[in-house]
Amino acid sequence: MNRKSLPTLAVLAASALVSACATTPTTTASAPAPAAAAEPDIDLALMKDMVRTLSSDEFEGRGPSTAAEPKTLDYIVAKFKEAGLQPGNKGSWLQDVPMVGITASAQTPLKVTGGASPMSFSFGDQYVAASYRVTPKTQITDSPLVFVGYGINAPELGWNDYAGLDMKGKTAVILVNDPDYETATEDGLFKGRRMTYYGRWTYKFEEAARQGATAALIIHDTFPAAYGWNVVNSSWTGEQYYVQTANDGADQTAANGWMQKDVAEKILAAAGKDLATLTAAAKQKGFKPVPLNLKASFGFDNALKKSMSHNVVGLLPGKTRPNEYVLYSGHWDHLGRCTPDATGDDICNGAVDNATGIAALAAIAKAEKAAGGAERSQVFLAVTLEESGLLGSEYYAQNPVFPLDQTVGGVNMDALAPSGRTRDYAITGGDKSDLTALVRQTIAAKGLVETPEASSEKGHYYRSDHFSFAKKGVPMFDVSRGRDLVEGGTAAGDAVAEDYTVNRYHQPSDEYSDDWNWDGIVQDVEMYYTLGRLLADSDQWPNWNEGDEFRAIRDKACAASPNGC
């Protein structure tokens with residue numbers, strides 16, 4: 001690719017960051033603008049070779065803690081070295097990620113007592129549950145059921161569904177999504193149709209644990225969940241992976257799970273309540289939890305398997321501010337051996353998801369090195385266990401090699417689709433932080449347009465590795481190519497997206513092909529390079545918008561830090 005200057009980009013980026021970060025102590029109105037970012041020389045041959053290799057059958061789908069992991073790590077490390085990076089973890093390329101696999105068996109029915117007659121609901125087709133605790137047996141016995149609405153505690157919004165309630169020993173019954181998801185627009189306390197973190201099932205289980213609940217059961221409903229019961233059932237059966245903790249998950253609820261909507265209706269009816277009526281009440285500020293005067297019992301055995309996986313950490317030191325860091329991340333893992341297709345192929349190769357992201361990491365690192373590096377240090381993270389719940393990035397965020405209060409922000413790369421270039425880009429998650437202004441100025445400077453995020457109600461911002469850092473307060477870009485293809489328009493773009501989702505996503509058919517159109521992938525890599533480089537050459541510290549769910553976390557970290565944000 002030819003390197004060409006974007007003379008207006010530096011001014012636009014500087015203006016975006018200066019106006020956005022005016023409250024940060026290290027920010028001044030006279031701060032110098034970052035040097036103009038140029039389109040990088042992307043080594044397309046390198047990217048093709050990496051995707052072809054990492055997604056070959058030899059790598060067996062890159063399953064963590066399988067025989068394929070060492071060869072995957074060796075290959076990524078070799079490419080990081082060739083790109084000019086240094087080992088990032090105190091002289092090592094690897095960060096250990098201790099993990100535990102828990103496989104439940106002998107699940108009992110969910111039994112509910114205290115009503116006119118006992119009720120029993122079968123595991124799999126009516127309810128599912130698992131434990132985050134490393135224990136050989138889980139047993140919930142006569143735990144009082146409490147309807148806690150959407151299970152949200154958001155002090156910055158003046159909202160607490162647990163207000164006045166001690167959850168010790170109790171099981172929380174929780175609605176999926178957040179209170180205003182039915183709003184057609186994005187207006188509302190919880191951003192209307194756009195899902196916030198408070199709507200994600202992961203948050204609801206985390207909050208139930210913080211409240212001291214013994215167990216938590218989410219009521220499934222297809223539209224607000226954005227997937228059917230079949231997805232819940234398949235996802236919550238078989239081995240579940242978690243990051244090992246010092247207390248073996250003792251601070252988590254004893255059990256988390258889901259119940260079918262009609263099961264919840266029957267349980268509430270037995271308590272003399274109506275689900276629709278309680279749901280309407282739960283949408284209103286000031287809702288109070290409702291004890292159901294019923295008790296739940298269920299249990300299962302757990303087969304435990306502890307093992308070790310690894311993140312790969314590469315570093316390109318900054319020239320003038322080496323103790324300030326900008327992240328580039330992507331996950332190296334995929335599903336490994338999986339359900340065979342009609343031909344008997346049982347390797348989920350993960351070419352798009354996410355060999356493309358790892359190739360992009362190496363290509364950006366090589367381009368950054370060739371450009372002489374940036375003012376701030378740049379960290380290149382190839383993380384593990386994304387497919388198991390973002391666990392590799394979660395572990396790094398909990399145990400950062402480089403302090404998070406000295407981490408300015410970052411760019412995550414996940415599943416770059418082979419197709420032509422587009423006229424548009426979308427900001428996943430909407431306008432959440434000061435980074436939005438920088439993205440919009442960059443999009444305009446590149447002659448592109450911003451398009452609304454597709455299916456904002458599905459909460460895509462909370463489903464990839466950047467989210468692990470956002471939860472700890474680090475502002476992260478999540479920018480994706482739109483669907484308005486330069487050649488073929490939105491009809492062609494929609495067809496590409498539909499083909500991948502239906503015919504390749506998490507299937508053995510996600511394989512490399514010499515027929516791929518790489519133009520759009522290169523466009524993505526150019527975009528990610530530009531965003532990361534502008535952040536790395538700036539001296540500004542972006543923050544989350546006022547009222548965003550991650551703002552208080554960042555503010556607290558910055559207030560406590562003598563050296564960082």
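Strand β19, residues 424–427, pairs with β22 in the antiparallel sense. Three bridges link β19 and β22. The model is a predicted one.

Helix α14 packs on this sheet. The helix covers residues 519–537 and touches both β19 and β22. Its direction makes about 155° with that of β22.

**The sheet as a whole**

Which strands make up the sheet, and in what order? There are three, in the order β20-β19-β22, and the sheet is open. The pairing is mixed. Strand β20 (449–450) and strand β22 (479–481) are the edge strands. Each has a single partner strand, so one side of each is left without a neighbour in the sheet. In general, strands of a sheet pair through backbone hydrogen bonds, in a parallel or antiparallel manner.

A further helix, α11, is formed by residues 435–445. Helix α11 lies across β19, β20 and β22. It runs at about 175° to β19.

**Disulfides**

How many disulfides does the whole structure hold? A search finds two. Counting bonded cysteines along the protein chain, the pattern is 1-2, 3-4.

| Disulfide | Angle about the S-S bond | Handedness |
|---|---|---|
| cysteine 338 – cysteine 348 | 100° | right-handed |
| cysteine 558 – cysteine 565 | -110° | left-handed |

Take the link of cysteine 338 and cysteine 348. The sulfur atoms of cysteine 338 and cysteine 348 are 2.1 Å apart. Where do these two cysteines sit in the chain? Cysteine 338 lies in the loop between β15 (336–337) and β16 (347–348), while cysteine 348 is in strand β16 itself. The pair therefore ties together parts that are 10 residues apart in sequence. Are cysteine 338 and cysteine 348 buried or exposed? Cysteine 338 is buried, and cysteine 348 is buried too.

Now the other link. Cysteine 558 is joined to cysteine 565 by a disulfide, with an S to S distance of 2.1 Å. Burial can be given in numbers here. Cysteine 558 has a relative accessible area of 19%, which is under 20%, so cysteine 558 counts as buried. Cysteine 565 has a relative accessible area of 9% and is therefore buried by that cut-off as well.

Notes. Residues numbered from 1 in each chain as written. Predicted model: local features only at pLDDT ≥ 70, side-chain atom pairs only at ≥ 80, totals over all residues. Heavy atoms only, no water. Pairing = 2+ DSSP bridges. Helix = DSSP H or I, 4+ residues; strand = E, 2+ residues; numbered from the N terminus. Contact = heavy atoms within 4.5 Å. Axes fitted to C-alpha atoms, helices over the stretch in contact; angles between N-to-C directions. Disulfide = S-S within 2.5 Å. Buried < 20%, exposed > 50% of the residue type's maximum accessible area, 1.4 Å probe, protein only.
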